[in-house]
Amino acid sequence: MRTLCLLMLLGLSFPAWASGPALDFDRGLDIRGILSGARSSAEAGQGRSVFSRPVGPAQEARYPWPVEKFAIGLNFGAYQRYNEGESYFHPGLDILAPAGTVVRACLGGTVVGLGTGAKNEPEYWYVSIRDRRGYIWEYVHLKKESITVKVGDVVAARAILGRIYPWPWRSLWGTYDHVHLQIRDKAGVYLNPLRLLAPMSDPDRPFISGIFLAQGGKRVFENAVSGPYTIILDASDLMGSRFPVAPYRVSWRIDGRLRPHKVWQFDTLPGKASESKRVHGLYWNSAGGYANRRSAMDLGFSPMGPLRFPQEPGEHRIVVTVEDFAGNAASQELSWTVVPAVKK
């Protein structure tokens, strides 16, 4: 009872900057390779998932992937910006497979869209299928001449939709032939496809490149600061390929507090039905192109507006944890000093 009371008091004693919802520690399911069963507790002790549980209220079923052998080139929620264009969250999965690979429907439904969209370029041919719940499953980057369906067709699960288009651009990490899969619910909200696809194994932990202070949009190279500031995380992950991707979930604990603050968990996008809303709130000086990728996140991000980190003079400490969908995790800490402002 005394322990419970102590925990409650610690939770209630949070200052305003530390407020936020409690982190949900339910694990996601493994996401690469065929799941062969639970991993050992020894692996779990090294930051690896043992046997993951579904996450999120939309976890109704698990469907097969659209291609047979694959890796992930870019995951849901990653930062993207090409050729000085607009910044946006990646609203789906880039599933790497050789050009010409057969693409199948993950589940049955009615074909409600077919074309190239606004880009009107041959590499952007897509097929959209509405399932029985009203979710729209969109398969992008198909060869036009390979598409086997038309709008209005009712297709069965595993039906052939077409073949992967040979991607015309090469990236720093290799060729990028892929099918892009994105899913939207009835309200148009983008959903992380990993929540609905068959469980896969993912032995790789995310990697934290650094944690640092920033003021006025610039990095603070000394761990001492005065006045308003924020804290930036630079982290990445791998999902079966050489292509760096973004973490699935980011959280932190500060100054020894027991209650973690969840920055974001990519079950949906921060902008829900928007690919670009709040992208500059979460990502900080990031890169998302063919020659450079960087997932730098502002740890003060909140959909309600930026959080205020401690202003009390003295030393402070933050422990940041990043996780992938399989539950593999990595942590790193940063200590810094808040210097009293000089009165003029």
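Buried residues make up 52% of the 344 residues in the chain, where buried means under 20% relative accessible area, exposed over 50% and partly exposed in between (1.4 Å probe, protein chains only). The model is predicted, so that local features need pLDDT of at least 70 and side-chain atom pairs count only at pLDDT 80 or more, while totals for chains, interfaces and linings use all residues. Residues are numbered from 1 along each chain as its sequence is written, and side-chain values use heavy atoms, with hydrogens and water left out.

**Exercise 1. Overall make-up**

State how many helices and strands there are in the chain, and what share of the contacts with a separation of 6 or more comes from residues 24 or more positions apart.

*Solution.* Step 1: the chain has 3 helices and 23 strands; these are DSSP runs numbered from the N terminus, with helices (H or I) of at least four residues and strands (E) of at least two. Step 2: residues 24 or more positions apart supply 68% of the contacts with a separation of 6 or more, a contact being heavy atoms within 4.5 Å.

**Exercise 2. Aromatic pairs**

Determine how many aromatic pairs there are, and classify the pair of phenylalanine 89 and tyrosine 283.

*Solution.* Step 1: rings of Phe, Tyr and Trp (its six-membered ring) pair if their centres lie within 6.5 Å; planes under 30 degrees apart count as stacked, over 60 as edge-to-face and the rest as tilted. By this rule there are 17 aromatic pairs.

Step 2: the centres of phenylalanine 89 and tyrosine 283 are 5.7 Å apart and the planes stand at 50°, which makes the pair tilted. Phenylalanine 89 belongs to strand β3 (residues 88–89) and tyrosine 283 to the loop between α3 (279–282) and β19 (287–288), so the pair ties together parts 194 residues apart in sequence. Both phenylalanine 89 and tyrosine 283 are buried.

Step 3: for tryptophan 252 and phenylalanine 309 the centres are 5.6 Å apart and the planes at 45°, so this pair is tilted. Tryptophan 252 is in strand β17 (residues 249–254), and phenylalanine 309 is in the loop between β21 (296–298) and β22 (314–323), 57 residues apart. Tryptophan 252 and phenylalanine 309 are both buried.

Step 4: a cluster linked by ring pairs contains Tyr82, Tyr124, Trp167, Trp169 and Tyr290.

**Exercise 3. Strands β6, β7 and β8**

Describe how β7 pairs with β6 and with β8.

*Solution.* Step 1: two strands pair if DSSP finds at least two bridges between them. β6 and β7 run antiparallel and are joined by 5 bridges, with valine 111 opposite isoleucine 129 in β7.

Step 2: β7 also pairs with strand β8 (residues 136–140) in the antiparallel sense over 5 bridges, and serine 128 has glutamate 138 in β8 as its bridge partner. The hairpin of β7 and β8 has 5 residues between the strands, and glycine 134 there takes a positive phi near 95°.

Step 3: in strand β7 (residues 126–130), 4 of the 5 residues are buried.

**Exercise 4. An open sheet**

Give the order of the strands in the open sheet that contains β13, and identify its edge strands.

*Solution.* Step 1: the order of the 4 strands is β14-β13-β16-β21, with antiparallel pairing. Step 2: β14 (218–220) and β21 are the edge strands, each pairing on one side only. Step 3: strand β13 (residues 207–215) is joined to β14 by 3 bridges, and alanine 214 stands opposite arginine 219 in β14.

Step 4: the charged end of arginine 219 sits over the ring of phenylalanine 212, 4.2 Å from the ring centre; the criterion is NZ of Lys or CZ of Arg within 6 Å of the ring centre and within 35 degrees of the ring normal.

**Exercise 5. Serine 171**

Is serine 171 buried or exposed, and which residues does serine 171 contact beyond its neighbours within four places in sequence?

*Solution.* Step 1: serine 171 lies in the loop between β10 (160–163) and β11 (178–184). Step 2: the relative accessible area of serine 171 is 8%, so serine 171 is buried. Step 3: leaving aside neighbours within four places in sequence, serine 171 is in contact with Phe243 and Tyr290.
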